[in-house]
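Keep your viewer open and select along as we go.

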Amino acid sequence: MKKIIIITAVFLGLVFTACENELDLNSPNDITVDQYWKTESDAQAGVNSIYAMFYKDGLWARWMYFRLDLTSDEGYSVSPWTELADWTRFNYINYNFWEGNAVTWRDTYKAIFRCNQVLANVPGIPFENEETKKQVIAQAKFFRALHYYYAAVIWEDVPLVLDPSTPADLPQQKKVTEIWAQIEKDLNEAFEDLPRDWAADQTGRPDKGAAKAFLAKTYMQQHKWTEAKAALEFLISGAGAKYSLVSNYRDNFTDVNENNGESVFEIQFGDQRKGGTDEAQNAAVSSNRGQFFAPRGIGWSDGQARFWLVNAFKQEKNKDGNLDTRLRWTLYYPDLLADFGDKTYDRNWEWNNDEAWFRKGSRDYYRNNEDYYSQVNYRLVRYADILLRYAEVLNETGNTAAAYQYVDLVRARVNMNTLAAAHPEIGNDHDKFLERLKTERVLELAGESVRWEDLKRWGDLDSQASVDKIALRDSDFKNFKVGKNHRMPIPQVDVDNNPNLEQNSGY
């Protein structure tokens with residue numbers, strides 16, 4: 001069954017009352033803050049407006065994939081739009097470039113603003129059921145943490161805004177350590193009041209498991225391995241242990257079996273509304289990823305996969321001597337038909353040599369074309385990621401031997417041999433295990449917007465030697481400047497207009 005709900009994309013047209021020279025400049029059709037935030041329905045609409053931000057260009061409708069998938073060593077761009085392609089290869093000239101930077105910054109803080117509205121105003125609204133009120137507030141805390149999480153991954157030192165902003169505000173920039181601390185606080189508080197499970201007609205809202213998953217990610221980015229281990233154990237063996245790997249790997253990437261037992265948190269997309277990405281009543285609730293990442297002749301083809309991924313899948317056969325089936329559902333590439341019998345979009349292709357395209361995120365309907373209205377949900381966190389993360393924290397906390405079983409669960413789903421049997425040279429060596437785990441995460445999660453944070457967490461962007469290794473498989477990293485390009489520049493217009501902001505070092 002298609003997803004049960006698409007979160008209503010509500011825009012709260014709240015304006016701040018302002019007078020100048022006794023002239024009221026407010027439109028009589030606008031609802032002011034004083035008029036709103038009175039009823040439980042106001043609160044519900046307010047929290048639903050936060051979900052609507054997933055469908056905006058700067059976030060998960062479009063440009064977030066460029067930031068996380070194409071900037072990493074998994075992807076790149078040869079778009080004829082040179083400035084766009086340059087923003088995937090560390091050639092940042094115009095820091096205000098809309099598609100590459102500014103729109104994601106804008107929509108991130110727009111989402112945070114909506115969270116702050118709920119957190120500031122809902123506590124004063126009477127509810128028939130106090131538990132419902134707590135859940136509304138908890139959702140806002142979860143999403144404020146989520147959006148700050150990606151801000152910390154992308155820009156690091158950013159303004160920490162915890163109250164509804166006004167046009168005159170000049171927010172203070174904080175070090176990324178303070179951003180992580182606030183994320184932890186919001187997620188821990190959200191966890192307390194989010195339900196373990198939502199009713200069926202509320203599918204798509206974050207639950208306790210989603211909060212713990214993002215807590216684990218937050219702890220891991222800071223190398224807080226013990227705290228991350230505890231958060232992950234809630235999902236694997238604790239009170240939140242309700243997840244399992246679906247038997248068919250492909251079910252994680254189509255619209256047929258969404259919100260399944262492997263899903264920890266996913267964005268609910270649909271194609272029933274085909275407007276733009278503004279605040280109109282028919283605003284789209286879909287993903288543009290397939291349109292922008294599709295092969296030539298199908299979509300815009302502005303982003304594609306590095307061919308080293310294909311080779312990584314072919315390094316090891318499964319128990320039956322066949323190719324790892326995850327390759328089939330991860331990438332389009334020249335030998336897809338020969339390897340698995342699949343035509344790319346049911347068409348014959350003239351491929352360039354060593355060319356690959358992301359299959360995940362495509363509609364995969366054997367259509368003639370992709371469009372802007374893909375209804376395929378995007379899984380931000382799934383259980384396979386949790387298992388591999390748990391293996392990583394076990395390795396980091398001195399228990400490499402125990403980590404094998406969690407990698408093996410992921411490998412077994414696609415009929416691969418156990419890790420010990422396939423790679424006996426690893427033994428209990430921490431460094432060798434981590435190096436292999438880096439590959440295991442690629443094979444399972446390539447094209448799922450986690451690789452950039454992985455590279456940062458592993459320290460692979462911190463030294464010239466490690467960046468040089470990445471450049472062997474992704475030539476764009478020849479442009480990477482250590483100490484600079486591990487984070488994006490802040491849009492220059494914000495730096496110029498806010499004396500409390502400093503441009504990130506090196507820019």
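Which residues lie nearest the centre of the second largest pocket? Select Glu435, Lys438, Thr439, Arg451 and Arg473, which lie nearest the centre among its 21 lining residues. This is a predicted model, where local features need pLDDT of at least 70, side-chain atom pairs count only at pLDDT 80 or more, and totals for chains, interfaces and linings use all residues. Residues are numbered from 1 along each chain as its sequence is written, and side-chain values use heavy atoms, leaving out hydrogens and water.

A pocket is an open set of points on a 1 Å grid over the protein atoms alone, with protein on both sides within 12 Å along at least five of seven lines; a cavity is a set where a 1.4 Å probe fits but cannot get out, and lining residues have an atom within 4 Å of a point. Grid points are joined across faces, edges and corners, and a volume is the space filled by probe spheres set on the points.

The second largest pocket has a volume of about 410 Å³. Colour helix 16 (430–445), which gives the most to this lining, with 6 residues. Helices here are DSSP runs (H or I, at least four residues), numbered from the N terminus. By class, the lining has 9 nonpolar, 3 polar and 9 charged residues. Ala, Val, Leu, Ile, Met, Phe, Trp, Tyr, Cys and Pro count as nonpolar, Asp, Glu, Lys and Arg as charged, and the others, Gly among them, as polar.

Next stop: the largest pocket, with about 800 Å³ of space. Select Trp105, Tyr109, Ser165, Pro171 and Asp494, the closest to its centre of 27 lining residues. Helix 4 (98–121) and helix 19 (492–497) each give two or more residues to this lining, and the largest share, 9 residues, comes from helix 4. The lining divides into 17 nonpolar, 5 polar and 5 charged residues.

The largest has a volume of about 130 Å³; of its 13 lining residues, Phe253, Gly361, Asn377, Tyr378 and Arg379 are the closest to its centre.

Finally, show helix 6 (residues 176–193) and helix 7 (residues 208–221), which pack at about 160° with axes 9 Å apart. Axes are lines fitted to C-alpha atoms over the stretch in contact, and angles run from 0 to 180 degrees between N-to-C directions. The two helices are therefore roughly antiparallel (an angle over 145 degrees).

Note on methods: Parallel < 35°, antiparallel > 145°, perpendicular 65-115°, else oblique.
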